[in-house]
Structure formats: structure tokens, C-alpha cells
Amino acid sequence: MHEPSSRPSRIYLLRHAHAAWAGPGQRDFDRPLDAAGFAEAEVIADRAADKGYLPDAVISSTALRCRETAQAVRRAFNDSLDVAYIDEMYNAEADIYLALIAAQTASRAVMLVGHNPTIEAVAEALIGRKQMEDLLPSGFPTAGLAVFDADPTSSGEALWHLIDFFHP
């Protein structure tokens, strides 16, 4: 009998798509995707669906640009995904994102839709600075999707491997 994993074995990190500049009096939190961002979000979500990258859990920042990116992912999977929106992801440090991943004990695959520089810091925490710099020398682009798989060691700790990365 297969026992449930105590933590996810696959992580998807998705940086929100390109956002519009803040208008006069508009908070950064409320910036929507611009036309290019909406197109990026749809393309990246469709590519993820085409590759069969189906998360069990989707967790998104409550910032408007992240919510709009997460909704594109939801549409690509025929609205079959529930998205949890977490206020603490906005302006968070990497440890908040890592704690959200670790808390997903009932999920095999979890997707975080969030912000830079945090998304980049989480990726670096998973695979190390050198590999991060080698794989993404220009940093984590908007609408970039990184896919990590766990490789359990004999001590039970997971080592993460970047198995795919793409962006529009």
C-alpha cells in the first residue's frame, strides 16, 4: 500500500506575468497585468497544461497581478483547480514560501504563483546559488515557470532538481 508523502515531491514556481505600471494613486498591490502580461499568462498556462504539469494545490499571492496569473492557470486546466490566495506572499521572504510548500502535506505537486525576488530566492534555496546562476543567468523572468522534482536521500531529506523551465 502506498503511504501519502509528508511533503510535495514536485514544486512549480510561477512568477506572475508582466504587470502594468502603477497609475496615479494606485498601490503596487493593485497593479493588474498589462496586455502583454495577459498574453504571457495564457501562453505559460497553456504550455503547462500541454506538458501535463497539473498541481494538486495552487497557492497565489493576493496581489492582483498574481491572482490574474493564477486564474490563467486555472482556465488552462478547465477550471478544475482551486486556488488558495495568501496575503502573506506579498513582499514575503523566501522562508514564507518554503513554509507554504512544506505545509502541503496532502499534496504531491504544489504550485506557487508569486513575486520576485522571492520566487528567485526560493528556487535558489531548492537548487543552490551556482545552479541557479548557471540556469538563469539573467534572473527569473515574468511568467517564468520552474518545475522541481524531489530526490529523497537515504536520510529522508529531499534534494531538489530543476527538471524544466520555460517562459513565453
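Which side chains meet in a salt bridge of 3.5 Å, N to O, with aspartate 79 as one partner? The partner of aspartate 79 is arginine 74, and their side chains come together at 3.5 Å, N to O, where a salt bridge is a side-chain nitrogen of Lys or Arg within 4 Å of a carboxyl oxygen of Asp or Glu.

## Basis of the model

The model is predicted, so that local features need pLDDT of at least 70 and side-chain atom pairs count only at pLDDT 80 or more, while totals for chains, interfaces and linings use all residues. Residues are numbered from 1 along each chain as its sequence is written, and side-chain values use heavy atoms, with hydrogens and water left out.

## The loop between α2 and β3

Aspartate 79 lies in the loop between α2 and β3, the elements being DSSP runs numbered from the N terminus, with helices (H or I) of at least four residues and strands (E) of at least two. Its relative accessible area of 42% makes aspartate 79 partly exposed, and arginine 74 is also counted as partly exposed, at 23%; on this scale buried means under 20% relative accessible area, exposed over 50%, and partly exposed in between, with a 1.4 Å probe and protein chains only.

Most residues other than glycine have a negative phi, and most peptide bonds are trans. Asparagine 78 is exposed, at 69% relative accessibility.

## Other salt bridges

A search of the whole structure finds nine salt bridges. One of them joins the side chains of aspartate 164 and lysine 51 at 2.8 Å, N to O. This pair links distant parts of the chain, with aspartate 164 in strand β6 (residues 158-166) and lysine 51 in the loop between α1 and β2 (57-61), 113 residues apart. Aspartate 164 is buried, with a relative accessible area of 15%, whereas lysine 51 is partly exposed at 41%.

The side chains of aspartate 30 and arginine 27 also form a salt bridge, at 2.9 Å, N to O, and aspartate 30 counts as partly exposed at 29% relative accessibility.

A polar atom of the arginine 15 side chain does, however, lie 2.5 Å from the backbone oxygen of phenylalanine 140.

Arg15 is among the residues that line the largest pocket, as are Arg31, Arg65 and Asn116. The volume of this pocket is about 160 Å³, a volume being the space filled by probe spheres set on grid points that are joined across faces, edges and corners. On a 1 Å grid over the protein atoms alone, a pocket is an open set of points with protein on both sides within 12 Å along at least five of seven lines, a cavity is a set where a 1.4 Å probe fits but cannot get out, and lining residues have an atom within 4 Å of a point. By class, the pocket lining comprises two nonpolar, five polar and three charged residues, where Ala, Val, Leu, Ile, Met, Phe, Trp, Tyr, Cys and Pro count as nonpolar, Asp, Glu, Lys and Arg as charged, and the others, Gly among them, as polar.

Asparagine 116 is joined to proline 117 by a cis peptide bond, with omega about 10°. Proline 117 is in the loop between β4 (109-114) and α4 (118-127).

## The cavity

The structure holds one cavity of 30 Å³ or more, and about 30 Å³ of space lies in the largest cavity. Its lining has eight nonpolar, no polar and no charged residues, including Leu14, Val73, Phe77 and Met111. Helix α1 (residues 35-50) gives the most to this lining, with three residues.

How values were computed: A polar contact is a pair of N or O atoms within 3.5 Å; within protein, one must be able to donate a hydrogen and the other to accept it, and residues adjacent in sequence count only if both atoms are side-chain atoms.
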